[in-house]
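Visitor: I'd like to learn how to read a model like this one, feature by feature. Could you walk me through it?

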Amino acid sequence: MLGAIDRDRFEVIPVGITREGAYILESDEPSRFALDPAHLPEVVDNGTRVLWPESTASRELTVTTARPGTEGSDTRSLGAVDVVFPILHGRFGEDGTIQGLLELVGLPYVGNGVLASSLGMDKHFTKTVLEGAGIPVAPWITVTRAALAADPDLWQRRTRSLGLPVFVKPARAGSSVGVTKVSDWAALDAALDVAFDEDGSVLIESGVVGREIECAVLEGRDGAAPRVSVAGEVVVTGRDFYDFEAKYLDAPGVELVCPADLGDGELFELQRIARRAFEAIGGQGLARVDVFLTDEGFVVNELNTMPGFTPISMFPTCWLNSGLSYPELITELIEIGHATGAR
Ligand SMILES: Nc1ncnc2c1ncn2[C@@H]1O[C@H](COP(=O)(O)OP(=O)(O)O)[C@@H](O)[C@H]1O
Ligand SMILES: [Mg+2]
């Protein structure tokens, strides 16, 4: 995104978050963040600290820089911020927490608010809300370690009734982290362990037989209905499923095809479901809606409230094939976020 954003229109203040949660002034050099499988980029503490505005009456960010060899530091203004683009995945990034922080400090931001972000992050509650809105989802149960331990026989019966294969996934993770396809009940416990390592709440879901289709949603302008892109398809050939390596590291065995080969009626139906799903979770800004196309129609898998934005990611690719270039897409998202203001 750093490489694609329209520099004639926008001045970028790149802020990184370290593992310890320090906000630092980052490099504006896109190559710093290239997704090299051998060396995934990491935010390294460079001694700077980006400070939030001192009250909601201000939108000014400041940065302090440690003065080498002294206890002191230099402070300078980074200017008044118009809008924050939280380009973050997962916990603390996509789950409503950073969105809540931005609300508190009074900075407008791109994308979904607190509620839609936390709903989208949690597969159990996403599915509960979608089901409530009459949108088809795959049968599933949600377990915790304590519940499993309390009545193993009950959970075994409930699990077996889903039939094989099942997908075991942490309720809140993403990027396929902690997800296992289980084709033999003997492998269930190991899969649960892997998922429980990521979250205390785990879904066991019926495996869906169908094509994996995704589409991209943008909030409508001035109260208009959400806009939905053409569809993309994840074609899994040489792998078990669409895992982390395939998503980010371009590992072989998965091909992204966009536009997906769908009939007009199918695309229309998909776009209708995606719009309803986006509205059901109270979506704002953007989302990628992931579905399976089965013999009985579309089944929604999940919504991603801050979808991948790498050059191989589906969200920008779907918009590219719908007539919106990557720089135009970024501009559109920033303008929507800016127009919405702090929520
Ligand atoms: N019920 C299911 N049936 C078939 N494949 C599934 C199912 N659930 C997940 N998968 C496969 O696992 C991948 C990751 O699961 P997903 O629920 O999308 O989690 P994440 O949030 O990590 O992307 C999916 O893209 C798909 O390939
Ligand atoms: Mg997914």
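Visitor: Let's begin with one residue. In which helix is glutamine 99 found?

Guide: This is a predicted model, so keep that in mind throughout. Glutamine 99 belongs to helix α1, which covers residues 97-105.

Visitor: Is glutamine 99 buried or exposed?

Guide: Anything under 20% relative accessible area counts as buried. Glutamine 99 comes in at 3%, so it is buried. Its contacts beyond four places in sequence include Pro86, Tyr109, Asn112 and Ser117.

Visitor: Now the cysteines. How many disulfides does the structure hold?

Guide: The test is a pair of cysteine sulfur atoms within 2.5 Å. This structure has 0 disulfides. Take cysteine 215: the nearest cysteine sulfur belongs to cysteine 318, 7.0 Å away.

Visitor: Cysteine 258 makes me curious about the backbone. What kind of peptide bond joins cysteine 258 and proline 259?

Guide: Look at omega for that. Here omega is about 0°, and the bond is cis. Proline 259 sits in the loop between β12 (254-257) and α8 (264-280). Another cis bond links leucine 164 to proline 165, with omega about -5°; proline 165 is in the loop between α5 and β7 (166-170).

Visitor: What about phi? Which value does aspartate 222 have?

Guide: Watch for positive phi in residues other than glycine. Aspartate 222 has phi near 50°, and it lies in the loop between β10 (211-218) and β11 (227-236). Aspartate 222 is exposed, at 82% relative accessibility. Serine 175, in the loop between β7 and β8 (180-182), also has a positive phi, near 60°.

Visitor: How do I read a pocket?

Guide: Rolling a probe the size of a water molecule over the atoms shows where empty space is left. The second largest pocket has a volume of about 270 Å³. Of its 15 lining residues, the closest to the centre are Leu148, Pro152, Leu188, Asp189 and Leu192.

Visitor: Which element gives the most to that lining?

Guide: That's α5, with 6 residues. By type, the lining of the second largest pocket splits into 8 nonpolar, 2 polar and 5 charged residues.

Visitor: Last one: how is the chain divided into domains?

Guide: Domain 1 is 15-81, domain 2 is 116-136 + 210-340, and domain 3 is 140-206. The C-alpha centres of domain 1 and domain 3 are 39 Å apart.

Terms used: Residues numbered from 1 in each chain as written. Chains lettered and ligands numbered in written order. Predicted model: local features only at pLDDT ≥ 70, side-chain atom pairs only at ≥ 80, totals over all residues. Heavy atoms only, no water. Domains from an automatic or database assignment. 1 Å grid on protein atoms, 1.4 Å probe; cavity = no way out; pocket = protein on both sides within 12 Å on 5 of 7 lines; lining within 4 Å. Points joined across faces, edges and corners; volume = space filled by probe spheres on them. Helix = DSSP H or I, 4+ residues; strand = E, 2+ residues; numbered from the N terminus. Nonpolar A, V, L, I, M, F, W, Y, C, P; charged D, E, K, R; others polar. Buried < 20%, exposed > 50% of the residue type's maximum accessible area, 1.4 Å probe, protein only. Contact = heavy atoms within 4.5 Å.
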